[in-house]
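Dear colleague,

Please find the structure below. My notes on a sheet and on a pair of helices follow it.

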Amino acid sequence: MSLSARKTTPNDEIAAALQLVFEHANQCFATADAFFGTTFKRSVCNLKQRGKAAGTAHLQKNELRFNYFMYQQNPAEFLNSVVPHEVAHMVVYQIYGNSVKPHGKEWQAVMFRVFGIRPNRTHTFDVPPQKSSYEYHCSCQKHHFSKQRHTRAQKGTEYICKKCRCSLQFMSKKSTVAS
Ligand SMILES: [Zn+2]
Ligand SMILES: [Zn+2]
């Protein structure tokens with residue numbers, strides 16, 4: 001029996017996303033370098049951002065955190081809006097320090113004049129839902145359904161376990177977890 005080709009795991013996807021985010025941030029820094037005729041310090045990037053923010057700039061740490069949940073919704077849009085937004089915070093901080101407002105005219109000018117982007121404080125990505133989990137069972141294991149899938153099941157859509165081929169039956173609703 002031959003082994004199938006190496007599958008992409010979620011970890012590979014996260015690493016690839018981080019690489020793209022990092023490259024894009026560096027491009028933004030290079031654009032700012034050229035505009036201001038200087039060399040800005042590059043930031044550490046990660047995908048640790050959770051919750052409602054698409055990204056945050058940790059100025060003293062020189063660290064940019066990005067929200068992978070939102071990245072996945074539209075990577076191109078994320079790279080072209082959220083990444084420059086956060087890099088602009090760093091650029092403004094490196095020029096002005098803490099003396100200006102986060103989304104003030106200096107930040108807006110970097111967005112608009114340096115990156116050519118209409119400065120926008122807010123993003124249009126979906127925020128992580130309050131996850132309700134609905135437990136179903138077959139004859140071999142428990143399954144967790146999203147609310148959406150639970151609704152479909154209750155309206156008559158039949159879901160079959162891939163392992164045992166049994167139809168899944170609703171057991172109970174689990175407690176709500178914010179993600
Ligand atoms: Zn901001
Ligand atoms: Zn099963």
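Which residue in β6 is the bridge partner of Tyr134? The partner is Phe145.

The model is predicted, so local features need pLDDT of at least 70 and side-chain atom pairs count only at pLDDT 80 or more, while totals for chains, interfaces and linings use all residues. Residues are numbered from 1 along each chain as its sequence is written, and chains are lettered from A and ligands numbered from 1 in the order in which they are written.

Helices (H or I, at least four residues) and strands (E, at least two) are DSSP runs, numbered from the N terminus. Two strands pair if DSSP finds at least two bridges between them.

Strand β5 (residues 134–137) pairs with β6 in the antiparallel sense over four bridges.

Helix α3 (residues 75–96) and helix α4 (residues 105–114) have axes that come within 9 Å and cross at roughly 125°; axes are lines fitted to C-alpha atoms, for helices over the stretch in contact, and angles run from 0 to 180 degrees between N-to-C directions. α3 is therefore oblique to α4: angles under 35 degrees count as roughly parallel, over 145 as roughly antiparallel, 65 to 115 as roughly perpendicular and the rest as oblique.

Residues of α3, including Pro84 and Tyr96, meet residues of α4, among them Trp107 and Met111. Contact requires C-beta atoms, placed from the backbone, to lie within 7 Å.

Terms used
Two residues are in contact if their C-beta atoms, placed from the backbone, lie within 7 Å.
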